[in-house]
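This report describes selected parts of a protein model. Look at the structure first, then read on.

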Amino acid sequence: MAEEEFTDINGNSISLECHTHSSFCKEFTVTSPKLSLRRVMVITCCVWLFAYAVFFFTANTAVLSSAIILTLVGMMVHIHFVKVDHETLLVIGSLGVQLSSSYASGRESTTFIEMSKLKDIVINEAIYMQSIIYYLCILIKDPVDSEKVSSVVPLFQSSKPRLNCLVEVYRSCQEILTESR
Amino acid sequence: MVLKIFFPQCCNTADSGLLVGRWIPGQNSAVVLAVVHYPFIPGQVKKYLIEIQSQTQVDLTVLGSWSMPKEGQEEMDSFLKDLSTIFPQRCWLQLSREIGKRGFACKVVQNKEKPLRCTEQKNGIDSSDEDKIVLVHYDQRKVMLSQLHPVQEVNQAEPEPSELRLVFQTVAQTQPLFFLDKYDDGPLKLTHWQSEGREGSIIAELLKQASGPVCTVLMWFLSLWLWFCSFRIFHVRPVVFISSKLSTCVQSGYRADHFKIVFSSKKAAIHMDFMRKANILVSFLVDIGLGLLLISWLYRENRISKLAETLVPVADELLEWLMGAPAGLKMNKALDQVLGRFFLYHIHLWISYIHLMSPFIERILWYVGLSASLGLTFALSVLSDIVALLTFHIYCFYVYGARLYCMKIYGLSSLWRLFRGKKWNVLRQRVDSCSYDLDQLFIGTLLFTILLFLLPTTALYYLVFTLLRLVVVLFQGVIHLSVDLINSFPLFAMGLRICRPYRLAGTALHLMMEINPLKCSSVLACYRTPTFSCYPKDSWVALCKKLFVGELIYPWKQKTAKTD
């Protein structure tokens with residue numbers, strides 16, 4: 001188990017855990033910063049103040065109740081579908097790779113990619129908004145022509161760690177992949 | 001290389017015995033299907049395996065031995081070692097487990113008597129020498145019932161199917177192996193997912209037996225209907241033309257096609273055929289259910305007569321509204337009068353026709369409403385046809401107005417070119433300069449002025465009729481889309497995804513193998529019954545251009561060939 005201080009592309013601090021189950025099986029977990037209470041309070045207060053102002057002018061109580069319902073529903077949707085708590089990459093030599101994202105409400109969504117479909121794991125550059133970032137991705141072989149790459153699966157999309165974190169994960173993955181080929 | 005062993009969860013607590021399963025070719029992995037217990041006679045084990053092999057075409061072998069010794073059974077170890085000589089294999093697995101401990105221990109003995117140590121599954125991490133072993137636990141019943149997506153067609157099989165696909169196929173194909181349970185009095189005792197007793201449901205068995213004769217009866221009815229439709233009178237040109245325009249006839253044609261698929265007596269060979277049949281059957285039953293619901297709502301409280309009464313005044317109001325429309329534009333009086341009276345006359349004809357029919361409308365609606373018992377799609381198609389027939393005059397007006405406007409625009413553009421001294425060169429498809437005579441210029445300019453100042457009037461009439469026509473087309477389009485949706489939505493596959501998610505597997509694995517169900521959007525994309533409608537060929541830009549110039553716009557056509 002190894003934990004170090006890393007940051008994501010926006011400067012927020014994240015943490016990386018490497019769990020070595022055996023010589024050919026490793027698990028990497030990147031944990032994003034948790035939901036900030038201050039931000040939640042600020043947004044809720046703004047929405048409610050606005051609703052109160054509208055109520056002041058229109059004297060319609062439906063505005064207040066709809067603001068409350070909207071905040072509740074929005075919070076539930078955000079926790080269940082948007083806010084990712086941690087992302088895991090499990091590499092098992094000669095069996096496959098499993099990616100899993102765990103959301104703040106506890107929901108987990110996993111994908112498994114077999115070793116026969118996986119061409120390589122590489123670090124790629126991309127233009128994201130106004131900056132250029134590095135990201136780790138899995139290259140999937142084309143079923144027809146095994147030299148071509150048919151699609152690219154980016155990893156750690158919600159946490160977006162910086163290059164130093166990616167390099168660590170990359171090195172460990174390559175050790176396992178070269179052995180298993 | 002890593003050796004992978006897929007081990008069923010139901011055998012975690014089985015008594016000691018032999019492991020029966022299959023080596024996956026070319027992958028260095030093995031699937032364990034069942035455990036054969038003591039006491040057994042090796043000859044009978046071999047005979048049973050050969051029997052199952054001939055039934056399922058899967059090459060089963062004895063993979064190794066499994067020992068979970070209870071108290072007083074420690075001498076099993078040496079016995080187990082001797083077994084490897086009785087069943088000669090390239091590789092002999094020796095899995096063992098002690099009661100109370102979670103981990104397994106396993107050894108692999110190669111033919112050349114060189115025992116290799118091994119590594120462990122989830123908890124224990126052993127030091128490993130040359131070879132490593134991964135044990136994957138799977139739920140046998142779920143893997144047997146599920147289908148790995150993307151589904152491969154039979155003739156398109158990959159040259160090297162992936163390992164997981166082979167595992168799923170192996171377990172699914174060896175169903176006869178799971179028929180022996182612990183209550184059978186045979187010479188062999190097996191442990192697998194069904195060894196506590198065979199599962200079965202009386203209702204399912206009865207339905208399976210009954211479905212054969214029911215299908216033959218329904219096929220006979222269907223062939224009767226098809227024979228009726230093949231009469232010569234239905235193939236005369238006008239009848240064919242009308243029936244291709246009426247959506248009721250089209251919908252009944254699709255349903256006949258669907259029935260042919262569902263009620264054919266051939267069993268579905270591959271997974272996609274089975275799903276298609278099931279989807280069509282389920283959506284047909286839901287369709288009839290919704291239709292009956294609609295009937296029960298419509299026929300209460302005399303709604304039919306109320307509907308009939310609202311139809312007639314609507315047509316009158318339409319007439320009044322149309323003629324009072326100017327929207328502030330100064331219209332040319334003479335042209336306005338001519339066009340106005342022309343259209344008014346048509347509308348009066350139509351109104352008198354409706355007034356003539358009004359005593360019969362209620363009766364007709366009552367009988368037509370009964371057709372909803374054939375399904376909601378039928379009722380919607382009938383509604384679409386009724387709307388088309390009732391708004392036929394709007395269609396005619398749209399055609400008149402559009403043709404007039406189109407001619408005016410073309411005339412205007414050509415005369416505008418003349419006004420500037422240019423001409424359209426048809427040969428070269430471009431605008432060239434041309435010297436006109438004085439009288440040509442004079443008449444041309446005069447006509448140009450006349451057409452230009454009459455433009456607002458014609459444009460207004462065109463606008464009004466086009467908007468009305470578009471409203472009708474939109475309404476019909478919405479009805480067709482919903483009919484299409486009901487026809488093609490794969491309800492069975494969706495229900496399967498919600499209630500039994502493991503049957504439609506996405507990609508599996510969690511070292512403790514759990515089946516990851518397919519995403520709902522993939523279910524929809526994979527199992528959609530092919531639809532018959534096509535989407536408009538023009539983009540929005542082309543549509544606007546056509547509207548501006550005055551070219552006729554046709555509603556979405558139904559294609560005769562199936563498209564997905």
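## A strand of chain B

In β3(B), Val31(B) is the bridge partner of Phe6(B). Strands here are DSSP runs of E with at least two residues, helices are runs of H or I with at least four, and both are numbered from the N terminus. Strand β1(B) covers residues 2–8 and β3(B) residues 29–37; they pair in the parallel sense over three bridges (to pair, two strands need at least two DSSP bridges between them).

Seven of the seven residues of β1(B) are buried (under 20% relative accessible area, 1.4 Å probe, protein chains only). Val2(B), Lys4(B), Phe6(B) and Pro8(B) lie on one side, and Leu3(B), Ile5(B) and Phe7(B) on the other.

## The model

This is a predicted model, in which local features need pLDDT of at least 70 and side-chain atom pairs pLDDT 80 or more, while totals for chains, interfaces and linings use all residues; side-chain values use heavy atoms, without hydrogens and water. Residues are numbered from 1 along each chain as its sequence is written, and chains are lettered from A and ligands numbered from 1 in the order in which they are written.

## A helix of chain B

Helix α7(B), residues 247–262, has 16 residues and reaches 22 Å from first to last C-alpha, close to the 22 Å expected (1.5 Å times one less than the number of residues). Its buried residues include Tyr254(B), His258(B) and Val262(B).

## Chain A

Chain A has three helices and nine strands. Of its 181 residues, 35% count as buried.

Notes. Buried < 20%, exposed > 50% of the residue type's maximum accessible area, 1.4 Å probe, protein only.
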